[in-house]
Amino acid sequence: MTLIFGGDYNPEQWPEATWLEDVALMAEAGVTMVTVGVFSWSRLEPKPGEFDFGWLDRVLDLLHAKGIEVDLATASATPPPWLVRDHPSVLPVDANGTRLEFGSRQSYCPSSPVFRSAVQRLVRTIAERYKDHPALKMWHISNEYGDHIVSCWCDESAKHFRDWLQSRYRDIAGLNQAWGTSCWGQHYTGFEQVNPPRKAPGPVNPAQLLDWKRFSSDALLECFELEKQVLREVTPAIPVTTNFMSIMSELDYWKWAQAEDLVTDDAYPDPADPKSHLKIALSYDLMRSLKQQSWLLLESAPSAVSWREVNVPKRPGKMRLDSLQAVAHGSDGVMFFQWRQAKYGPEKFHSAMLPHAGTQTRQWRETVHLGQELRKLAEVKGHHTSAEVAILLDWSSWWALEAQESMPSNRLKLKDMLHTWYEPLFRRGIAVDLAPHGRSLESYQLVIAPSLYMCTIEQAKALQDFKGTLIVGPFSGVVDDNDQIHDGGAPGPLTELLGVTVEEFWPLPDGQRTKVGTANAHTWTEVLRLTTARPLASYEDGRPAITRNGNAIYVSCLLDDVTPVLREAGITAPEQELEICRRGPYTFVLNHTNASQPVPFRGTDMLTGREVTEVPPLDVIVIKEGQQ
Ligand code: GAL
């Protein structure tokens with residue numbers, strides 16, 4: 001049993017002599033697994049149907065000889081030049097109708113039948129070639145679906161979108177009803193008249209935008225499924241994954257996670273952002289929640305990235321701290337982008353486990369040290385964190401809230417709202433799950449729904465059945481799953497549960513604040529009429545702002561500080577400077593501050609074997625239950 005340690009390995013960018021040095025240094029650093037071949041389609045299949053596996057055979061054999069396992073990519077993330085030149089329709093088209101050129105990566109239309117069948121042939125050939133290779137540990141399908149290309153607006157995609165709509169609505173009357181096409185004269189008489197939401201003179205039908213988001217997530221998922229199907233046939237025992245991109249609105253990760261064997265994530269907290277550890281922790285908790293299982297950090301930056309405006313490196317100790325934070329939140333290992341720092345291309349300034357300057361460097365020493373420490377934590381593998389608090393997250397609602405322009409305020413951003421609630425819980429060391437909307441919540445004591453703009457009658461039922469304390473944020477229960485306003489207005493199917501009716505939405509101009517108890521409301525307020533709820537806090541003019549109805553608390557505004565509401569919900573633990581995160585019997589204590597912090601309990605650190613009383617800046621200790 002070991003925790004996984006390694007990174008993306010791109011041997012095709014290096015001469016073979018370098019490979020020998022690579023595997024020797026990997027062994028020195030304690031690397032256990034590398035991801036190989038992510039962007040290597042044009043090297044594996046240089047001409048249509050002609051494959052060159054010699055180099056990859058040698059790489060896999062070299063790795064295996066050193067006991068290093070391989071997360072083998074299906075190489076489908078960048079179609080080769082011959083494919084896009086022979087079939088320009090493979091290249092994606094943007095919402096303005098411009099076809100995007102070859103010369104970067106991930107330049108494909110997810111709906112292109114030519115692309116899809118070329119991918120299937122490629123994947124089958126790779127799978128047949130390596131199905132019995134002893135180094136093969138996991139399949140890495142494509143790469144970061146949704147990166148660069150989330151949607152394609154070409155004619156092929158339009159056809160695919162129409163098919164998707166037809167299976168959702170059966171007939172055009174169903175679509176007209178769902179999309180409310182009586183508004184602005186959009187009544188369709190046949191599916192062939194429907195297009196993707198390309199650039200139009202004014203705001204596009206919001207229901208069309210919503211379905212486009214759903215379709216785009218599904219179209220990419222179909223690409224994943226096509227590859228998975230081939231891999232299942234050829235190598236049924238090898239797990240499949242695709243690397244997620246931390247919390248993001250584009251793909252419905254609840255649906256995606258069900259399709260893969262292991263959730264893996266690429267996480268790039270910004271070293272320049274003092275709150276980055278807090279923001280990334282939410283993503284890690286999402287990854288852990290997606291399958292309620294351990295997950296794997298498949299990519300992270302050893303130091304600086306190369307894609308921000310200013311790419312700040314990680315201070316000494318920061319790579320270790322960031323990495324062990326992921327393990328604390330359920331990752332069964334730490335992997336990086338990438339093994340060896342590139343010599344050319346857009347990522348030549350991106351940090352790597354082995355930097356340009358070689359092994360006489362801080363970076364290399366920290367790489368080796370981390371490998372050693374992960375070996376000491378091997379027994380943590382597979383342990384799970386169980387949380388009593390859940391935050392609801394629903395992708396359709398997120399899309400409906402943010403995809404359209406014609407809202408009372410375009411300032412409501414779901415990620416900000418999630419963080420508002422997550423941050424005080426994080427600061428109190430309270431474990432948080434993310435949970436999908438509409439499923440049973442019975443294992444939780446407290447459930448927080450920062451925003452349920454979209455809430456169907458069935459979804460409301462799951463909240464009604466919930467026996468613990470429920471907090472619902474503003475602008476909730478507004479629309480059904482076609483983005484149509486519920487009869488009687490907000491909070492629609494939540495009206496009885498919350499005991500309030502929203503008479504008016506009252507967004508605030510940028511920068512304006514109004515007091516609500518000890519906190520400030522900003523961005524959004526509402527005019528409420530209470531039916532069965534009682535007020536807990538009011539706006540400055542005395543109108544109710546926060547209410548309680550039985551176990552359900554309604555917060556009708558965005559607050560700069562939600563701790564009073566959490567206190568009302570029973571969260572009374574004090575804030576702490578250290579991040580204290582439990583994973584099974586292990587307690588990770590992480591110091592993200594610049595000063596030493598006392599540990600609130602005694603214990604022996606698994607990493608140093610020493611009794612600890614304080615944690616130095618940017619340091620981490622891990623204490624096993626029974627050793628406190
Ligand atoms: C990821 C991508 C990698 C690499 C990395 C750099 O988004 O999957 O291939 O580009 O970013 O940070």
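View 1. An oxygen atom of the ligand lies 2.3 Å from an N or O atom in the side chain of glutamate 347. Taken alone, the ligand exposes 310 Å², of which the protein buries 95%; accessible areas come from the Shrake-Rupley method with a 1.4 Å probe, and for residues only the protein chains shown count as cover. The side chain of glutamate 299 has an N or O atom 2.8 Å from a ligand oxygen atom, and for the side chain of tyrosine 268 the distance from an N or O atom to a ligand oxygen atom is 3.4 Å. A polar contact is a pair of N or O atoms within 3.5 Å; within protein, one must be able to donate a hydrogen and the other to accept it, and residues adjacent in sequence count only if both atoms are side-chain atoms. This is a predicted model, in which local features need pLDDT of at least 70 and side-chain atom pairs count only at pLDDT 80 or more, while totals for chains, interfaces and linings use all residues. Residues are numbered from 1 along each chain as its sequence is written, and side-chain values use heavy atoms, with hydrogens and water left out.

**View 2. The shell around the ligand.** Phe39, Arg105, Asn143, Glu144, Asp266, Tyr268, Glu299, Trp307, Phe337, Glu347 and His350 surround the ligand (a residue is near a molecule if one of its heavy atoms lies within 4 Å of it). By class, this shell has five charged, four nonpolar and two polar residues.

**View 3. Glutamate 144.** Glutamate 144, one of the residues around the ligand, is not a glycine, yet has a positive phi of about 35°. Most residues other than glycine have a negative phi. Glutamate 144 lies in the loop between strand 4 (136-140) and helix 6 (155-169); helices (H or I, at least four residues) and strands (E, at least two) are DSSP runs, numbered from the N terminus.

**View 4. Two cis peptide bonds.** The bond from phenylalanine 337 to glutamine 338 is cis, with omega near 0°. Phe337 is also among the residues around the ligand, and glutamine 338 is found in the loop between strand 9 (331-336) and helix 12 (362-376). The peptide bond from alanine 490 to proline 491 is likewise cis, with omega near 0°. Proline 491 has its place in the loop between strand 13 (469-472) and helix 16 (495-498).

Notes
Nonpolar A, V, L, I, M, F, W, Y, C, P; charged D, E, K, R; others polar.
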